[in-house]
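Me: I am new to this structure and would like to learn how to read it feature by feature. Could you take me through it slowly?

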Amino acid sequence: MGFIQLNNVTKFFTKTLKPAVDSLDLSINKGEIITLLGPSGCGKTTTLRMIAGFEQPSTGEIAIDEEEVFSDHLSLPPEKRGIGMVFQDYALFPHMSIVKNVMFGLNKWSTREKKKRAKEVLELVGLEEYATRYPTELSGGQQQRVALARALAPKPHVVLMDEPFSNLDAGLREKMRFDVTNILRKANTTAIIVTHDQKDAFAVSDRVVVMNEGVIQQIAAPKEMYRCPKNCFVAQFVGKTNLLDGTMDNDQRSIHTHIGKVDLPEQWKERLENVKLSIRPEGCRLAKEGQYCGKVERVTYGGEYQELYVRLHSDHMLSKEPMVIYAPIEQDVEIGSIVSFDITPELVALVE
Ligand code: ATP
């Protein structure tokens, strides 16, 4: 059993429609930072709200700190679950100073202890000098750190954050990803973060839970998720990819596809007949006499790289879809030119 455990949790909002969350099993370790990642409506907020106790599952069990908080005969209210919540809009009280905001959740503590703890968490988030200010006198990033300090103050078992970065502009967002992770690590807190942004998820979490239509698609560390997506949905949701159909070679080390033979990162354990391959665009490296070649149909500048849409020649036939491949920004590539490239097996994955 994990520090936080969800067993077979299902949520129906209406009996006739599909469940918003369907038979979800999730086990989270103490001190882990987890993100729930998925497109709008996939059920991530509902999952977070069920853990918090703001929403009741239709069926299933939830435990926090190895203690049951929801089952068919029990439902603890949010304030008894030992959770700290950070809302998307921070939900700070505008008429209270920063220190009062932070002390808000400590009403059972003595005044001396409240002040000591507020000072501690404001130091932790680097805002001890702002204690007497009011929320409107702080920047978005600072307000978010106050919200996090307030959530951490009562020493919760777990901090739950709903889209914590979505109100921030691009530059601040990157800084806050770093700051929030640092603060959570220093506080040694378990955290569950909801986001629809792959970059947020990859930057802050130990493990990412990708959801679609109420169902978990894959749970993995960011690098593993990117390199070995389990299915087509994950492969396409976490970054760009090229999906190809193919047949496995007898030696189980490569796949025959319409663009030719593609090597796998390692020998596959069983021989599969019809398979799907995901090839990441950065797994295709331009080379003078590469194994594959094709005509550049479109070039898009991505900033750090350029995205080439290459129509491949294979068996003297033109392939159906152009391949997306990344080329270094310093390389001049003309539309209509012929390029050749190799594929890095480590960025090739078999997907369901
Ligand atoms: P978003 O990123 O847009 O917030 P999400 O992944 O968090 O999406 P949820 O908010 O969990 O998704 O919603 C999952 C599904 O449940 C959606 O189809 C949504 O319309 C439905 N839903 C959520 N809350 C309610 C509600 N209170 N009543 C009825 N249906 C709801």
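Reply: What follows is a conversation that goes from the overall picture to single residues.

Me: What kind of model is this, and how many helices and strands does the protein have?

Reply: This is a predicted model, and the protein in it has 8 helices and 22 strands. Along its principal axes the C-alpha trace spans about 80 × 50 × 35 Å, and buried residues make up 38% of the 352 residues. Among the contacts with a separation of 6 or more, 64% are accounted for by residues 24 or more positions apart.

Me: How should I read a sheet, and what is the strand order in the open sheet of 6 strands?

Reply: The general idea is that strands of a sheet pair through backbone hydrogen bonds, either parallel or antiparallel. In this structure the open sheet of 6 strands has the order β7-β8-β9-β3-β10-β11, and its pairing is mixed. The edge strands are β7 (83–86) and β11 (215–220), each of which pairs on one side only, and the twist averages 20° from one strand to the next.

Me: Which strands pair with β8, and in which sense, parallel or antiparallel?

Reply: On one hand, β7 and β8 run parallel and are joined by 4 bridges, with isoleucine 83 standing opposite valine 158 in β8. On the other hand, 5 bridges join β8 (residues 158–162) to β9 (residues 190–195), and these two strands also run parallel. Another helix, α4 (residues 140–152), lies across β7 and β8 and runs at about 165° to β7.

Me: Which way do the residues of β8 point, and are they buried or exposed?

Reply: In a regular strand the side chains alternate between the two faces of the sheet. In β8, Val158, Leu160 and Asp162 point one way, Val159 and Met161 point the other way, and all are buried. Since 5 of the 5 residues of β8 are buried, the strand is largely enclosed by the rest of the structure.

Me: What is the order of the strands in the open sheet of 5 strands, and how are they paired?

Reply: That open sheet has the order β14-β13-β12-β15-β22, and the pairing is antiparallel. At its edges stand β14 (260–263) and β22 (348–351), each with a single partner strand, so one side of each is left without a neighbour in the sheet. The twist here averages 45° from one strand to the next.

Me: Which residues surround the ligand, and how do they divide into nonpolar, polar and charged?

Reply: The ligand is surrounded by Phe13, Ala20, Gly38, Ser40, Gly41, Cys42, Gly43, Lys44, Thr45, Thr46 and His196. The residues of this shell divide into 3 nonpolar, 7 polar and 1 charged.

Me: How many residues of helix α1 are buried, and what follows the helix?

Reply: In α1 (residues 44–52), 8 of the 9 residues are buried, so the helix is largely enclosed by the rest of the structure. The buried residues are Lys44, Thr45, Thr46, Thr47, Leu48, Met50, Ile51 and Ala52. After α1 comes glycine 53, whose phi is positive, near 95°.

Me: Which residues have a positive phi although they are not glycines, and where are they found?

Reply: The general idea is that most residues other than glycine have a negative phi. Glutamate 66, which is not a glycine, has a positive phi of about 60°, and its place is in the loop between β4 (59–64) and β5 (67–71). Asparagine 188, also not a glycine, has a positive phi of about 55° and is found in the loop between α5 and β9.

Notes
Residues numbered from 1 in each chain as written. Predicted model: local features only at pLDDT ≥ 70, side-chain atom pairs only at ≥ 80, totals over all residues. Near = placed C-beta within 6 Å. Nonpolar A, V, L, I, M, F, W, Y, C, P; charged D, E, K, R; others polar. Buried ≥ 20, exposed ≤ 12 C-beta atoms within 10 Å, placed from the backbone. Pairing = 2+ DSSP bridges. Axes fitted to C-alpha atoms, helices over the stretch in contact; angles between N-to-C directions. Contact = placed C-beta atoms within 7 Å.
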